[in-house]
Amino acid sequence: MENLAEKISDSELEVMRLLWESGTALPISEIRIALQQRRGWEATTVKTLVNRLVAKDVLAQEKRNVFYYFPLVSQEEYNSWATNQLIDKLYRGSARNLVAALVNSDSLSDKDIRELRDFFRMGDEK
């Protein structure tokens with residue numbers, strides 16, 4: 001999973017998100033309809049994105065009466081990888097610097113900060 005995010009474009013990520021949300025394998029027709037409603041994408045665009053993801057080994061297909069597609073990478077795995085890439089790219093590998101940037105910005109509410117503080121305290125108890 002070392003170069004996962006480099007493999008998945010933003011458009012392809014929309015396909016992955018749809019499949020993660022569904023929690024089950026979907027036929028191309030359902031993927032196409034959902035992404036046409038969400039993004040206005042044409043059937044050919046969706047088919048191209050799905051085929052790219054299969055070629056990149058992040059989606060698999062299963063033949064039933066038609067092909068059904070399911071993710072080979074979980075959302076948690078992708079999110080973890082993407083977070084680590086963000087930390088490496090923007091904060092030179094320092095998660096502490098990322099948290100400091102969030103705390104010093106207007107991104108976190110007082111409630112968020114309290115919850116993070118509690119989270120870190122629980123981590124110390126383990």
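Helices (H or I, at least four residues) and strands (E, at least two) are DSSP runs, numbered from the N terminus. The structure is a predicted model, in which local features need pLDDT of at least 70, side-chain atom pairs count only at pLDDT 80 or more, and totals for chains, interfaces and linings use all residues. Residues are numbered from 1 along each chain as its sequence is written, and side-chain values use heavy atoms, with hydrogens and water left out.

Glu115 is found in helix α7 (residues 110-125). Its relative accessible area is 42%, which makes Glu115 partly exposed. Buried means under 20% relative accessible area, exposed over 50%, and partly exposed in between (1.4 Å probe, protein chains only). Glu115 and Thr45 are separated by 70 residues in sequence and by 41 Å in space, C-alpha to C-alpha.

Helix α2 covers residues 10-22. At 1.5 Å a residue, its 13 residues should span 18 Å; the end C-alpha atoms lie 19 Å apart, which agrees. The expected span of a helix is 1.5 Å times one less than its number of residues. The buried residues of α2 are Glu12, Leu13, Glu14, Val15, Met16, Leu18, Leu19 and Trp20. Gly23 follows α2 and has a positive phi, near 70 degrees.

Helix α3 covers residues 28-39. The 12 residues of α3 should span 16 Å at 1.5 Å a residue, and the end C-alpha atoms are 16 Å apart, which agrees. Ile31, Ala34 and Leu35 are the buried residues of α3. They cover an arc of only 95 degrees around the axis, which puts them on the same side of α3. The arc is that of the directions from the helix axis to the C-beta atoms. An α-helix has 3.6 residues a turn, so residues three or four places apart point the same way. The cover over the buried residues of α3 includes α2, β1 (26-27), α4 and β3. Contact here means heavy atoms within 4.5 Å.

Glu30 also lies in helix α3. With a relative accessible area of 42%, Glu30 is partly exposed. Glu30 and Tyr68 are 38 residues apart along the chain, and their C-alpha atoms are separated by 9.6 Å. After α3 comes Gly40, whose phi is positive, near 75 degrees.

Helix α4 (residues 43-55) has 13 residues, which should span 18 Å at 1.5 Å a residue; its end C-alpha atoms are 18 Å apart, which agrees. Its buried residues are Val46, Leu49, Val50 and Leu53. Seen down the axis of α4, these residues fall within an arc of 95 degrees, so they line one face of the helix. Thr44, Lys47 and Ala55 are exposed on the other side of α4. The buried residues of α4 are covered by elements including α2, α3, β2 (59-63) and β3 (67-71).

Asp57 lies in the loop between α4 and β2. Its phi is near 60 degrees, a positive value in a residue other than glycine. Asp57 counts as exposed, at 55% relative accessibility.

Two packed helices are described by the angle between their axes and the distance between the axes. Axes are lines fitted to C-alpha atoms, for helices over the stretch in contact, and angles run from 0 to 180 degrees between N-to-C directions. The axes of α2 and α4 cross at roughly 85 degrees and come within 10 Å. That makes α2 roughly perpendicular to α4. Angles under 35 degrees count as roughly parallel, over 145 as roughly antiparallel, 65 to 115 as roughly perpendicular and the rest as oblique. Ser11, Glu12, Val15 and Met16 of α2 make the contact with Leu49, Val50, Arg52 and Leu53 of α4. The residues of this contact divide into five nonpolar, one polar and two charged. Ala, Val, Leu, Ile, Met, Phe, Trp, Tyr, Cys and Pro count as nonpolar, Asp, Glu, Lys and Arg as charged, and the others, Gly among them, as polar.

Helix α5 (residues 75-91) and helix α6 (residues 95-104) pack at an angle of about 85 degrees, and their axes are 9 Å apart. The two helices are therefore roughly perpendicular to each other. Leu86, Ile87 and Tyr91 of α5 meet Ala95, Asn97, Leu98 and Ala101 of α6. By class, this contact of α5 with α6 has six nonpolar, one polar and no charged residues. Arg92 lies in the loop between α5 and α6. Although Arg92 is not a glycine, its phi is positive, about 50 degrees. At 82% relative accessibility, Arg92 counts as exposed.
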